[in-house]
Amino acid sequence: MSLTVYSTCPQSKDVAPGEYLAAVAATARWSEEAGCAGMLVYTDNSIADPWLVSQTAIAATERLAPLVAVQPVYMHPYTAASMVSSLACLHGRSVHLNMLAGGFKNDLVALGDDTEHDDRYTRTVEYTQILTSLLRGETVTREGRWHQVQNLKLAPACPPELMPEVLISGSSPAGRAAAAEIGATPIRYPEPLAETDPADAPSGGGVRMGIIARDDADEAWRVAHERFPADRTGQVAHAMAMRVTDSHWHHQLARRTKAPTPSAELGAEPEPYWLGPFENYQSFCPYLVGSHDRVAAEVARYLERGVEVFVLDIPPDAEELGHAGEVFTRATAAVGA
C-alpha cells in the first residue's frame with residue numbers, strides 16, 4: 001500500500017501582504033519536514049497566482065512538490081503545460097496538478113463562464129488530455145469542443161521522471177467519470193465512516209480533510225474549538241454560499257448533521273468526524289479530531305478501504321503537522337503498511 005500526504009498552502013487573502021512570501025516558504029518547509037509529498041496551492045479570483053506561489057514553495061524546499069490548482073477558465077492548456085515543464089527545467093522539480101472543474105460560482109460568472117456542472121468536467125477532461133499529451137512530448141492536433149490546436153508541441157520538454165501526478169475532485173458522478181477518463185486520482189470529501197455501510201462507501205482514491213490530534217482527546221477538542229469557534233457571521237455566509245453553489249461536495253457535506261461534541265461520560269471519546277469549521281465557513285473540509293490513537297484508528301479505516309492520498313487543510317504551524325504525522329505513523333502501523 002502506498003500513502004501520499006499533501007498539506008495546503010495558506011491563501012494570500014488571509015495573510016498580510018508583507019508577510020505572505022514568508023508564510024508560503026515556512027508552510028512549505030514545515031510540510032517537507034513532516035514528510036508531506038506536496039502542498040496544495042489554491043486558485044480563485046481573490047488570491048495570488050498559484051504558479052508564482054508554487055515557485056516560492058519550490059525555492060524554499062528540496063523535494064516538496066507544489067500541487068497546483070488548475071482552472072481551465074484561467075489559461076490555455078499549453079500555458080499550463082509550459083508552466084510545469086519550465087519549472088521542471090529551471091528547478092529540476094516536479095509540479096503536481098489539481099485539475100478543477102468548478103470553483104466559486106461568482107468567480108466563474110465574473111469571467112463570463114456559465115458552463116453547467118457536468119459540462120465543466122467534460123471541459124476539464126479535454127483540457128487535461130491536451131496538457132498531459134504536451135508534457136509527454138507529443139505533437140497535438142485536436143478539434144475539441146473548447147480547444148482547437150494544430151501540430152502543437154511543447155518546449156522545453158518535461159523530463160519523464162518529473163511528469164506530474166494529477167488529482168481531480170471525485171465527489172460527484174461526473175467527477176469520478178472524469179478521473180477515470182484522464183487517469184487522475186479522484187479526491188472526495190468523506191462522510192463519517194461510522195455512518196456508512198462498508199458496501200456502499202467509496203473505496204480507493206483520496207480524501208480531503210483536516211486533522212487535529214493530541215495525546216489527550218479533551219485537549220484535541222479544546223484546540224479544535226479554540227481554532228474554529230462558533231461564529232454566527234460565518235454561519236450566515238455558509239448559508240448564503242449554499243444558495244448559489246452547484247458543488248456536489250458542498251451539498252454533500254451540508255446534508256450532514258451538526259458535529260458531535262466531546263462526551264462528558266468518563267473515559268468516552270466522541271466520534272472524531274467534525275464539521276464545525278465547514279458549518280461556520282472557516283474551512284471547506286471535514287476534520288478528524290481526538291486522541292492520536294482514535295484519529296489514527298479512523299485514518300486506518302480509510303487506508304483499509306484503499307485510500308492512498310490525503311490532502312490536509314492549511315496547517316497553522318509546524319507542530320500541528322507533526323501531530324498529523326504521528327497519526328499517519330500509527331495508522332500505517334495498524335494496517336501493516
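The legends below describe close-up views of a predicted model.

Local features are given where pLDDT is at least 70 and side-chain atom pairs only at pLDDT 80 or more, while totals for chains, interfaces and linings use all residues. Residues are numbered from 1 along each chain as its sequence is written, and side-chain values use heavy atoms, with hydrogens and water left out.

**View 1. The whole chain.** The chain holds twelve helices and twelve strands; helices (H or I, at least four residues) and strands (E, at least two) are DSSP runs numbered from the N terminus. Of the 337 residues, 54% are buried (buried is under 20% relative accessible area, exposed over 50%, partly exposed in between; 1.4 Å probe, protein chains only). Among contacts (heavy atoms within 4.5 Å) between residues at least 6 apart in sequence, 71% join residues at least 24 apart.

**View 2. Packing of helix 1 on helix 2.** The axes of helix 1 (residues 17-33) and helix 2 (residues 50-60) are 8 Å apart, at an angle of about 55°. Axes are lines fitted to C-alpha atoms, for helices over the stretch in contact, and angles run from 0 to 180 degrees between N-to-C directions. Helix 1 contributes Tyr-20, Leu-21, Val-24, Ala-25, Ala-28 and Arg-29 to the contact, and helix 2 contributes Val-53, Thr-56, Ala-57 and Ala-60.

**View 3. The largest nonpolar core.** This core has 36 residues; a nonpolar core is a set of buried Ala, Val, Leu, Ile, Met, Phe, Trp, Tyr and Cys residues joined through side-chain atoms within 4.5 Å. Ile-211, Val-299, Tyr-302 and Phe-310 have the most contacts inside the core. Elements giving it two or more residues include strand 9 (206-214), helix 11 (292-304) and strand 12 (309-312). Helix 11 supplies the largest share, six residues.

**View 4. Surroundings of Phe-310.** Neighbours within four places in sequence are left aside. Phe-310 is then in contact with Leu-3, Thr-4, Val-5, Tyr-6, Val-207, Met-209, Val-299, Tyr-302, Leu-303 and Phe-328. A second, separate core of 34 residues includes Val-70, Leu-154, Val-166 and Ile-168.

View 5. Asn-151 lies in strand 6 and has a positive phi, near 50°, in a residue other than glycine. At 58% relative accessibility, Asn-151 counts as exposed. Pro-156, in the loop between strand 6 (148-152) and strand 7 (166-169), is joined to Ala-155 by a cis peptide bond with omega of about 0°. Most residues other than glycine have a negative phi, and most peptide bonds are trans.
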